[in-house]
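Visitor: Please take me through one part of this structure closely. I would like the pockets and their linings, then the aromatic rings and the backbone.

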Amino acid sequence: MSNEEITLTAGDAELTITPHNGGRLSSLKIAGGELLRQGDRFGCFPMVPWCGRIRDGRFRDGAVEHQMPLNAPPHAIHGTARDGAWSVARAGKDEAVITYDLVDPWPYTGRVTHAAALTPDSLTLTMSVETYESSFPAQIGWHPWFNRNLNGTDAVLAFDPAWQEERGEDHLPTGLRIDPRPGPWDDCFGMPDGVDVTLTWPGLLELKVTSREQWVVVYDEQEAAVCVEPQTGPPNGLTTLPRLVTPLEPLEATTTWSWRRL
């Protein structure tokens, strides 16, 4: 397994990708300041072929029930690709493409492609899942760990969701939509006009996380970081809101992080 890292630069922005560690974005520096929490488990990892938790690690595809490893007992969480080594398809000065072939314990064959494009004031991430064999349900999402504190300044989170998925005691949506409640959160929100969340470090930086997708999980229960996770469906969505990958129709999603200095 190669420990190759990819470094992209544009203006004073620098992105580091570690394909061997789950295709993770391990660093994003703006004018030398690190936006992502450091550590092998952090940075920003792709959530695929599902996002968040699957109840009891089980999902159905038609009449067939599949069991995923319970890596967040009693549930399975965040897909399998974050635990694998990705391959580099292309790497340039300010853009790169990496790929991952789905393998056990995921029961279907497919390929994930993840493209990163960096400019001096934005990062656009595009991920797709395709198959040439059996169709299967899947989800795509991103799990960035943004540093809560930059240069002694804590981030302020702002967004205006249409609803919040009511969270049960098992941390999974109950199926009820409720009015958004104040944080701290480990919760999924609906934004039918597209994900649009702003993190502001007053006097330093404003960062906007946007996506055409309608779902975002916000996790800010840890002191060190704030997570803003655009995704193609809610937690447990392989069961409650499956999106099908077919030989004719891949699943694709994009998120853009854009920033401006204050």
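Guide: What follows starts with the pockets and then turns to rings, strands and backbone.

This is a predicted model, in which local features need pLDDT of at least 70, side-chain atom pairs count only at pLDDT 80 or more, and totals for chains, interfaces and linings use all residues. Residues are numbered from 1 along each chain as its sequence is written, and side-chain values use heavy atoms, with hydrogens and water left out.

The largest pocket holds about 530 Å³ of space. A pocket here is an open set of points on a 1 Å grid over the protein atoms alone, where a 1.4 Å probe fits, with protein on both sides within 12 Å along at least five of seven lines; lining residues have an atom within 4 Å of a point. Grid points are joined across faces, edges and corners, and the volume is the space filled by probe spheres set on the points. The lining of the largest pocket has 29 residues, and Arg53, Ile77, His78, His143 and Trp145 are the closest to its centre. Two or more lining residues come from each of β15 (141-147), β19 (163-167), β21 (186-190), β24 (215-219) and β25 (225-231). Strands are DSSP runs of E, at least two residues, numbered from the N terminus. The largest share, three residues, belongs to β21. By type, the lining splits into 10 nonpolar, eight polar and 11 charged residues. Ala, Val, Leu, Ile, Met, Phe, Trp, Tyr, Cys and Pro count as nonpolar; Asp, Glu, Lys and Arg count as charged; the others, Gly among them, count as polar.

The second largest pocket has a volume of about 210 Å³. Its lining includes Ile30, Ala31, Gly33, Glu34 and Arg261. Strands β4 (33-34) and β16 (149-150) each give two or more residues to that lining.

Ala31 sits in the loop between β3 (24-30) and β4. With 56% relative accessibility, Ala31 counts as exposed; the cut-offs are under 20% for buried, over 50% for exposed and partly exposed in between, with a 1.4 Å probe and protein chains only. His171 has a positive phi too, about 70°. His171 lies in the loop between β19 and β20 and is partly exposed at 28%. Most residues other than glycine have a negative phi, and most peptide bonds are trans. The bond from Val48 to Pro49 is cis, with omega near 5°. Pro73 and Pro74 are also joined by a cis bond.

Now the rings. The whole structure has 13 aromatic pairs. Phe59 and Trp106 have ring centres 5.3 Å apart and planes at 15°, so they are stacked. Rings of Phe, Tyr and Trp (its six-membered ring) pair if their centres lie within 6.5 Å; planes under 30 degrees apart are stacked, over 60 edge-to-face and the rest tilted. Phe59 is in β7 (58-61) and Trp106 in the loop between β11 (95-101) and β12 (111-119), so the pair ties together parts 47 residues apart in sequence. Both residues are buried. Ring pairs link Trp50, Phe59, Trp106, Tyr108 and Phe136 into a cluster.

Technical notes
Helices (H or I, at least four residues) and strands (E, at least two) are DSSP runs, numbered from the N terminus.
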